[in-house]
Amino acid sequence: MAKKKEHYRWAARGFVAPGVLLVAVLLYLPLLWTLFLSFSTYNGLGEPKWAGLANYLEMFQDPDFLSSMFNTLLWVVGTLAVPVGLGLVLALMTWNLKGGVWLRLPFLIPYAISGIGVGLIWSFVLQSNGALDQALHAFGVGDTPRWLLDAPLNTIVMIVAASWQGVGVNALLFTIGLQSIPKEPLEAARLDGAGGARLFRSILWPMLRPLTTVVIGLSIVASLKTFDIVLGMTKGGPGRVSETLALTMFNDTFVNSQYGLGSAIAVFLTVVTLLASILYLRQQLSKKNEI
Amino acid sequence: MNRERKISLVAPLLVSGLLLAACGAGGGGGASGQTTGTLKFYTDKAAWKPQFQSLNSTSLKDIKVSLDTTGYSDANQYEAFVKQSFRTKQTPGLFSWHTGDSLKQLVDQKLIADTSDIWQKAIADGNVSKDLQKYYTIGGKQYCVPMNIAYWVMYYNKKIFDKYGIATPTTWAELMNDAAKLKKNGVTPFYQTSTLFTFPWFETMVAGTDPDLYNGLSTGKVKYTDPRIVSIMNDWLDQAKKGWFSDAGGKTDPAQMLKQGDMAMLNFGTFFGGSLDAVGMKAHVDYDYFIIPAVNPKLTKTPVPVETGPMCVTANSKQKDLGLAYSKWWMTPGAQTAWSNARGDVPFNPKAQLKDAGLKDLGEKVAGDKYQLVARYFEAAPTPILNVALEEFGAFSANPGDPMPFLTKIQDAADKYWASQK
């Protein structure tokens with residue numbers, strides 16, 4: 001019997017090993033290599049030279065990095081406020097309606113487009129003398145803001161563009177959450193006279209929490225690594241004023257060939273994303289127990 | 001050893017074997033000695049792929065080599081690809097690159113094959129001007145061959161010039177008067193952008209004021225915060241305040257903009273003719289170009305920025321000999337006739353037979369004693385300084401104001417770069 005168990009163990013190890021090896025080679029090794037590069041100076045040619053903490057010190061002294069951090073923070077706050085907030089409102093307004101799905105459907109269509117595609121479409125709308133400016137001129141508005149040229153306006157309009165894409169999927173997730181709420185507590189609350197805001201505050205919102213946790217968690221992670229839409233709309237410019245951390249990492253690594261500095265930003269971004277996710281989930285999961 | 005145990009040992013070995021095989025595929029390295037066949041060519045000029053491929057019939061006939069071209073449309077992605085390929089044994093046999101600091105970086109690492117013999121023969125045969133050699137010379141030896149050559153001139157919408165009775169300017173003062181006249185008639189004189197091609201106006205104004213000052217920026221002898229540079233930037237600022245430049249945030253194709261008359265003039269390389277033809281403009285009818293007069297009328301020779309991009313062979317490529325054979329052929333009049341006619345660009349080989357006489361004339365004109373060639377800013381500035389400068393000129397174009405903060409930022413990058421070179 002014991003021999004059979006031993007056989008089983010060996011076989012199990014054999015089946016797991018290829019997967020473990022692939023993860024090690026494709027995920028852990030690049031991670032360790034990036035970590036090593038972040039402590040070196042390297043321009044992509046020859047061998048990296050050990051530089052200690054120089055890249056990290058340079059990073060925090062660089063005003064472009066600090067503005068990139070501020071922009072990323074704007075993205076986190078903006079993405080929570082607009083696509084998640086609007087998604088929730090849309091779900092609440094349509095989940096109980098007959099044919100509500102037809103109202104939500106148009107919001108979902110942009111989700112099928114890639115981030116870079118959204119960036120391109122919106123850059124044609126928002127570029128100087130683009131579609132929006134021309135429409136405003138037609139209504140007699142003469143002096144239009146320079147949507148993509150002035151900071152932080154350019155980051156704000158890019159968040160709006162990202163929201164155009166993200167509202168639908170958030171609404172869909174919230175609708176699933178709303179539909180999975182049992183009918184009994186809802187009916188009981190209605191019998192007790194709760195409706196509208198009260199029903200939302202006391203019943204819907206607390207019962208939606210497991211799903212809200214996931215939606216907000218995903219939104220924080222996604223906004224921290226915002227890249228494609230900014231690349232498509234402003235390339236981080238003019239200058240570097242609309243860069244996000246992910247774009248700064250890309251530019252420093254592949255445009256400026258400072259692989260060490262780029263890796264340091266990558267490490268910083270990974271740590272921030274992990275910390276944000278862990279702290280948020282820990283706080284939410286401990287709250288869940290109170291329900 | 002029982003069966004399960006065998007599986008458990010064999011499976012990971014198999015996977016690691018496969019991974020190693022994938023990493024080491026094509027190993028063996030070193031030149032194969034092969035001088036005929038299909039040569040793998042990589043370039044960041046993806047749009048030029050049809051023209052490169054169109055040369056295959058000529059090259060097959062002449063030297064039995066054909067190109068298998070892979071074009072990248074993203075320059076950064078391309079650069080990262082080439083750099084990373086040097087870490088493997090899959091280095092390209094032939095690839096396009098940039099002259100100046102970018103080329104020096106590769107040569108310093110001994111990654112590029114020496115082409116001194118090819119150059120000596122081409123010069124002796126009169127296939128290339130000796131002036132061009134300096135852009136390809138590092139440490140007394142030549143590397144790569146010129147893929148293209150372009151002079152940076154001013155393209156203009158001929159119909160707009162005709163409408164307002166403007167003749168092509170022969171002095172800077174005339175150019176400024178023409179710009180003012182155009183603006184008065186509601187036409188934006190010049191094109192500008194806030195991304196990538198942000199440098200031409202700076203290059204034109206600095207080189208046109210004092211070529212030594214311009215060259216001094218590339219060698220670190222002149223600071224970007226030098227009062228003479230600041231003064232030039234302030235002139236640029238004045239022009240911007242007069243509304244002489246198109247909106248820096250525009251994303252419309254500049255060729256389309258010139259056709260639509262969104263602006264009257266555009267400072268670009270002579271390869272731009274191809275883009276204008278592509279949007280349906282006719283050379284010498286709808287558009288034309290002129291050499292930009294020097295800002296400083298006292299200059300005896302008008303500076304003309306020249307851009308030349310290399311085609312390089314990797315030193316340790318398996319296709320090194322094949323790449324060198326193609327490079328040698330590339331310099332010949334037959335190859336350059338085919339190439340320049342396919343691209344509609346200026347040939348570097350004076351013996352090339354061109355359909356477009358205008359381009360040939362331009363090549364001969366700038367070789368004369370009234371003009372002097374200066375390296376285009378993109379190649380002249382060391383890469384770390386260039387990258388910051390491109391961003392800062394873009395930011396200045398988008399938000400024209402006191403030039404000092406922009407120049408200080410570029411100078412900071414320059415200080416850091418020159419300190420690292422000591």
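**Note on the predicted two-chain model**

1. In helix H6 (residues 116–124) of chain B, the buried residues include B:Ile118, B:Trp119 and B:Ala122; a residue is buried if 20 or more other C-beta atoms lie within 10 Å of its own, exposed if 12 or fewer, and partly exposed in between, with C-beta atoms placed from the backbone. Viewed down the axis of H6(B), the buried residues fall within an arc of 95°, so they line one face of the helix; the arc is that of the directions from the helix axis to the C-beta atoms. On the other side of H6(B), B:Asp117, B:Gln120 and B:Ala124 are exposed. An α-helix has 3.6 residues a turn, so residues three or four places apart point the same way.

2. This is a predicted model, in which local features need pLDDT of at least 70 and side-chain atom pairs count only at pLDDT 80 or more, while totals for chains, interfaces and linings use all residues. Residues are numbered from 1 along each chain as its sequence is written, and chains are lettered from A and ligands numbered from 1 in the order in which they are written. Helices (H or I, at least four residues) and strands (E, at least two) are DSSP runs, numbered from the N terminus.

3. The cover over the buried residues of H6(B) includes helix H7 (130–133), strand E5 (141–142), strand E6 (145–157) and helix H15 (320–330) of chain B. Just after H6(B), B:Gly126 takes a positive phi of about 70°.

4. Between the chains, 33 residues of chain B are in contact with 31 residues of chain A (C-beta atoms, placed from the backbone, within 7 Å). Helix H1 (3–24), helix H4 (75–85), helix H5 (101–108) and helix H19 (383–398) of chain B each give two or more residues to the side that touches chain A. The largest share of that side, nine residues, comes from H1(B).

5. The axes of H19(B) and helix H20 (residues 404–420) of chain B come within 9 Å and cross at roughly 175°; axes are lines fitted to C-alpha atoms, for helices over the stretch in contact, and angles run from 0 to 180 degrees between N-to-C directions. H19(B) is therefore roughly antiparallel to H20(B) (angles over 145 degrees).

6. A cis peptide bond, with omega about 0°, joins A:Ala151 and A:Pro152. A:Ser257 has a positive phi of about 55° although it is not a glycine, and A:Ser257 is buried, with 22 other C-beta atoms within 10 Å.

Notes: Contact = placed C-beta atoms within 7 Å. Parallel < 35°, antiparallel > 145°, perpendicular 65-115°, else oblique.
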